[in-house]
Amino acid sequence: MNTVLEAPEGIAFQENENQKMIAQMIKDFGEKEIKPHMMDWDESQEFPMQLFHKLGELGLMGVLVPQEYGGSGFGYHEYVTAIVELSKVDSSIGLSMAAHNSLCTGHILQFGNEEQKQKYLPKLASGEWIGAWGLTEPNTGSDAGNMRTVAEADGDYYVLNGAKNFITHGKSGHVAVVIARTGKVGDSRGMTAFVVERGTPGFSGGRKENKLGMRASETAEMIFENCRVHKSQVLGEVGEGFIQSMKILDGGRISIAALSLGIAVGSFEAALQYSKEREQFNQPISKFQAIAFKLADMATKIEAAKLLIMQASELKNHGKPMTKESAMAKYYASEIAVEAANEAVQIFGGYGFTKDYPVEKFYRDVKLCTIGEGTSEIQKLVISRDLLK
Ligand SMILES: Cc1cc2nc3c(=O)[nH]c(=O)nc-3n(C[C@H](O)[C@H](O)[C@H](O)COP(=O)(O)OP(=O)(O)OC[C@H]3O[C@@H](n4cnc5c(N)ncnc54)[C@H](O)[C@@H]3O)c2cc1C
């Protein structure tokens, strides 16, 4: 049994040189390529495809992909750093980058055969292609195992019919990993993962959502109408799609925790600076204990979230079980990020309610973090199931 204060095996508290390099690179890139345009993208809900090609050139579209497939070959700590730093600048970009890396690309990397990896990973890692990952359907979100999109065997092909919704890059993605039913409803081994390329007859993008936040990250339907997919496009074994997805979400949740952390830190840093500059009653508002205590709460919770994320990343890097730990990191980081963004707007007062300061956008973007890749309630379900097993 672990003692209470025993650190998870080999946990690395020290930031490595690669993490420092990635953080600086994203800071520079963000100043030049993201900040000047991000409020326009937000306003018009434009998904800036060109930017993702540039992120690919920086190695950020295949952070976890081994170099032999054209990726950066980094581990989860570097990946978390990349998402945190991008999300501090523009969380929409952080979300799209995370979905591309850990969902679509991650699924092919983890469960694809050699031929599939050779075919798709170099294009995805270079950012030439943008990836999508479709699990959610209009009637089945948290209860994804109850999905209705079907894939019926027909000779050497599967015929897909159904719709996926809320899919990041559902319209613009060049390739999608899609989970569809190949067995009975209610059978967790009755679902299979397929790689489907854009342009495959019968596969189209549907409605694009008009969203509260994360507006530069495209969220759209994917529609399948008698879409014939060759059996060579099955990822792993037939019937393993749902189980694979749960494993992908274990890793994906670390990325949403990192996204949350980036927003929390961005909100905190903006609020800290502003509180020292803004004067009321002839003194900086930071001198009021009510404001200083908000900052203390934010900073403390950010540190706690950071440690949970580092723990989950370390376990993931070592290939150890981390379902509970990634759910804890995602649950806690997302909830405290919502609090941090809320308090940051409060510290900015009326100015926080305007688009002149970054906290307004953080406040809108952050709510996705308690919903995407499993709501907070579902994280508590995952954590409590593990505790009670
Ligand atoms: C911007 C955005 C991007 C997304 N990107 C993707 C993507 O790329 N791919 C993809 O597949 N999906 C994606 N999603 C979908 C996302 O994962 C789902 O929205 C999420 O899992 C919740 O499902 P739902 O929206 O259907 O909510 P529901 O499952 O209907 O939940 C509604 C409410 O009921 C609660 N609830 C449900 N079941 C339980 C339970 N058993 N116990 C307690 N409470 C419960 C939930 O916590 C929630 O509060 C995205 C969503 C958004 C908003």
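Q: How many salt bridges does the count come to by this rule?
A: In this predicted model, the count comes to 21 salt bridges.

Q: What makes the K301 and E339 side chains a salt bridge?
A: The N to O distance is 2.6 Å. The cut-off is 4 Å between a side-chain nitrogen of Lys or Arg and a carboxyl oxygen of Asp or Glu, so the pair qualifies. The pair links distant parts of the chain: K301 lies in helix 8 (residues 289–317) and E339 in helix 9 (residues 323–348), 38 residues apart.

Q: Why is K301 called partly exposed?
A: Its relative accessibility is 27%. Partly exposed covers values between under 20% (buried) and over 50% (exposed), so K301 falls in that class.

Q: Which residues are linked with E360 in a network of salt bridges?
A: D42, K355 and R364 are linked with E360 in the network. K355 and E360 have their closest N and O atoms 2.8 Å apart, and for R364 and E360 the closest N and O atoms are also 2.8 Å apart.

Q: Is E360 buried or exposed, and how do you know?
A: E360 has a relative accessible area of 10%. Buried means under 20%, so E360 is buried. R364 is buried as well, whereas K355, at 42%, is partly exposed.

Q: Why are R364 and E360 separated by about one helical turn?
A: Because they are 4 residues apart in helix 10 (residues 359–365).

Methods: Residues are numbered from 1 along each chain as its sequence is written. This is a predicted model: local features need pLDDT of at least 70, side-chain atom pairs count only at pLDDT 80 or more; totals for chains, interfaces and linings use all residues. Side-chain values use heavy atoms; hydrogens and water are left out. Helices (H or I, at least four residues) and strands (E, at least two) are DSSP runs, numbered from the N terminus. Buried means under 20% relative accessible area, exposed over 50%, partly exposed in between (1.4 Å probe, protein chains only).
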